[in-house]
Amino acid sequence: MKYFLIGLLFLFGGCASIFSQRQDQHAGSAIDYLYPNSKQPVQLIAESVTHLKVPVRVGIAFAPPSTGWANGPPEDEKMKMLHEVKEAFSKYEFIGAIEVIPSTYLRPKGGFSNLEQAARMFNVDIVALLSYDQMQFTDSNSLSFLYWTIIGAYIIHGDQYDIHTMLDASIFDVQSHKLLFRAPGIANVKGSAALANFSEKSRAARTEGFNIALQDLIPNLQKELVLFKEKVRSDNRFQIENRQGYAGGGDLGFLGILVSIFLFGLYRAQRR
């Protein structure tokens, strides 16, 4: 009996050392996607002149992970988040068509050539790339593992998780490759679960982390959109051109006012 107990202690001690701590990371980076062969810190373009036609056509997509597609949130969750970002863009009159670009159109490490292909396919001028980096830290209590082995999985909540999530929206002009602006969002979700349903609860917590980070990102994105609108009016590095039929959020412009006066005068003459 004594040797049996000693053996159990060694067994559970070994199991505790194996399961005591672990970490999992899921990431998709716009930098890794757009600059796959860069061995030096990326020098983002700042001085070149950017030509924009308003209302601007915007594409929204998740940056693909460099390690493959089985990394990060499921595609249905990505699409749900992208549609929420789309709503954030739709509140501004200088934004025109907004297209959600599924992950299948962006290749890992595809670079700007792949981004330009997707932009042509969806007929957009700028693309908002969502980067993500989610780290899950897990601590397992050896005592809880012992109880799980002898009595049952629901006796003690011995596994704890700590999930850190970062989302970053980087908005690039496709033609000039210039970073126009960016907005971050972060979240931290902590919890615990029995070993029997730990995977299910931690998976739900990872989804919650993405949603909280997104709700943190959206107001930051809206602030940056307002600042960007003001910036392009005064910064000579931007050249703005109205698309046919657009006069700037309801402002008819000088020619439009003349046309309106002429039509009103014609109307008055007919009434007389």
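**Salt bridges, a strand and a pocket**

Mentor: Arg233 has a relative accessible area of 59%, which makes it exposed, and please keep in mind throughout that this is a predicted model.

Trainee: With which residue does Arg233 form a salt bridge?

Mentor: The two partners are three residues apart in helix α6, so they are separated by about one helical turn. The closest N and O atoms of the pair are 3.6 Å apart, and the partner of Arg233 is Glu230.

Trainee: Is Asp168, which forms a salt bridge with Arg182, buried or exposed?

Mentor: In this salt bridge the closest N and O atoms are 2.3 Å apart. Asp168 lies in strand β6 and Arg182 in strand β7, so the pair ties together parts that are 14 residues apart in sequence. Arg182, with a relative accessible area of 39%, is partly exposed. Because residues under 20% count as buried and Asp168 has 8% relative accessibility, Asp168 is buried.

Trainee: How many residues apart in sequence are the parts that Arg243 and Asp125 tie together?

Mentor: These two residues form a salt bridge whose closest N and O atoms are 2.3 Å apart. At 16% relative accessibility Arg243 counts as buried, whereas Asp125, at 23%, counts as partly exposed. Since Arg243 lies in the loop between β8 and α7, and Asp125 in the loop between α4 and β5, the parts that they tie together are separated in sequence by 118 residues.

Trainee: Which residue in β8 is the bridge partner of Lys53?

Mentor: Lys53 belongs, with His51, to the uncovered face of β2, while Thr50, Leu52 and Val54 make up the covered one. β2 and β8 run parallel and are joined by five bridges. In β8, the partner of Lys53 is Glu241.

Trainee: Which element supplies the largest share of the lining of the largest pocket?

Mentor: This pocket holds about 230 Å³ of space, and of the 13 residues that line it, the closest to its centre are Val54, Phe94, Lys229, Val232 and Ile240. The lining divides into eight nonpolar, two polar and three charged residues. β2, α6 and β8 each supply at least two of the lining residues, but the largest share, four residues, comes from α6.

Trainee: To which residue is the side chain of Ser176 joined by a polar contact?

Mentor: Ser176 sits in the loop between β6 and β7, and with a relative accessible area of 18% this serine is buried. Its side chain takes part in a polar contact of 2.5 Å, and the partner side chain is that of Asp173.

How values were computed:
Residues are numbered from 1 along each chain as its sequence is written. This is a predicted model: local features need pLDDT of at least 70, side-chain atom pairs count only at pLDDT 80 or more; totals for chains, interfaces and linings use all residues. Side-chain values use heavy atoms; hydrogens and water are left out. On a 1 Å grid over the protein atoms alone, a cavity is a set of points where a 1.4 Å probe fits but cannot get out, and a pocket is an open set with protein on both sides within 12 Å along at least five of seven lines; lining residues have an atom within 4 Å of a point. Grid points are joined across faces, edges and corners, and a volume is the space filled by probe spheres set on the points. Ala, Val, Leu, Ile, Met, Phe, Trp, Tyr, Cys and Pro count as nonpolar, Asp, Glu, Lys and Arg as charged, and the others, Gly among them, as polar. Buried means under 20% relative accessible area, exposed over 50%, partly exposed in between (1.4 Å probe, protein chains only). A polar contact is a pair of N or O atoms within 3.5 Å; within protein, one must be able to donate a hydrogen and the other to accept it, and residues adjacent in sequence count only if both atoms are side-chain atoms. Two strands pair if DSSP finds at least two bridges between them. A salt bridge is a side-chain nitrogen of Lys or Arg within 4 Å of a carboxyl oxygen of Asp or Glu.
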